[in-house]
Amino acid sequence: MPGVFIDVEVDDSIRDDAELAMKLEEACPVDIFAAPDGRVEVVEENLDECVLCELCVKAAPPGRLRVRKLYDGTALEA
Ligand code: SF4
């Protein structure tokens with residue numbers, strides 16, 4: 001089930017970045033990222049656990065990953 005409060009947008013240009021996929025998987029404290037086969041995957045059922053720590057945004061290249069707060073229309077992005 002997709003998140004109700006949070007959505008994470010991953011740019012296609014970083015979807016196949018295996019190193020980044022591992023980094024995101026390790027960085028997120030609530031397991032919103034997985035790295036199957038070296039791909040960046042968003043674990044939709046965990047989206048609403050997001051604590052807005054920005055670790056994923058900081059780990060990704062600028063402008064390639066956004067955490068959208070669906071409840072107020074703003075987003076965390078680098
Ligand atoms: S902001 Fe923090 S908790 Fe939310 S998806 Fe990114 S790393 Fe995970």
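1. Basis. Residue numbers start from 1 along each chain, following the sequence as written. Because the model is predicted, local features need pLDDT of at least 70 and side-chain atom pairs count only at pLDDT 80 or more, while totals for chains, interfaces and linings use all residues.

2. Sheet. Three strands form an open sheet in the order β1-β4-β5, with antiparallel pairing. Helices (H or I, at least four residues) and strands (E, at least two) are DSSP runs numbered from the N terminus, and two strands pair if DSSP finds at least two bridges between them. The edges are β1 and β5 (74-77); each has a single partner strand, so one side of each lacks a neighbour in the sheet. On average, neighbouring strands here are turned by 20 degrees against each other, direction ignored; axes for such angles are lines fitted to C-alpha atoms, for helices over the stretch in contact, and angles run from 0 to 180 degrees between N-to-C directions.

3. The β1 and β4 pair. These antiparallel strands are joined by five bridges. I6 has K69 in β4 standing opposite.

4. Core. The largest nonpolar core holds 17 residues, and V8, L24, I32, F33, V40, C56 and V67 have the most contacts inside it. At least two core residues come from each of β1 (6-10), α1 (18-27), α2 (55-59) and β4 (65-69). Such a core is a set of buried Ala, Val, Leu, Ile, Met, Phe, Trp, Tyr and Cys residues joined through C-beta atoms within 7 Å. A residue is buried if 20 or more other C-beta atoms lie within 10 Å of its own, exposed if 12 or fewer, and partly exposed in between, with C-beta atoms placed from the backbone.

5. V67. Leaving aside residues up to four places away in sequence, V67 touches I6, V8, C50, L52, C56, V57, A75 and L76 (contact: C-beta atoms, placed from the backbone, within 7 Å).

6. Ligand. The ligand is surrounded by 14 residues, the closest being C28, I32, C50, C53 and C56 (near: C-beta atom, placed from the backbone, within 6 Å). The shell has 13 nonpolar residues, no polar and one charged. Ala, Val, Leu, Ile, Met, Phe, Trp, Tyr, Cys and Pro count as nonpolar, Asp, Glu, Lys and Arg as charged, and the others, Gly among them, as polar.

7. Positive phi. Most residues other than glycine have a negative phi. D31, in the loop between α1 and β2 (33-34), has a positive phi near 60 degrees. D31 counts as exposed because 11 C-beta neighbours lie inside 10 Å. D37, in the loop between β2 and β3 (41-42), has a positive phi of about 55 degrees. D37 also counts as exposed, with 8 C-beta neighbours inside 10 Å.

Methods:
Two residues are in contact if their C-beta atoms, placed from the backbone, lie within 7 Å.
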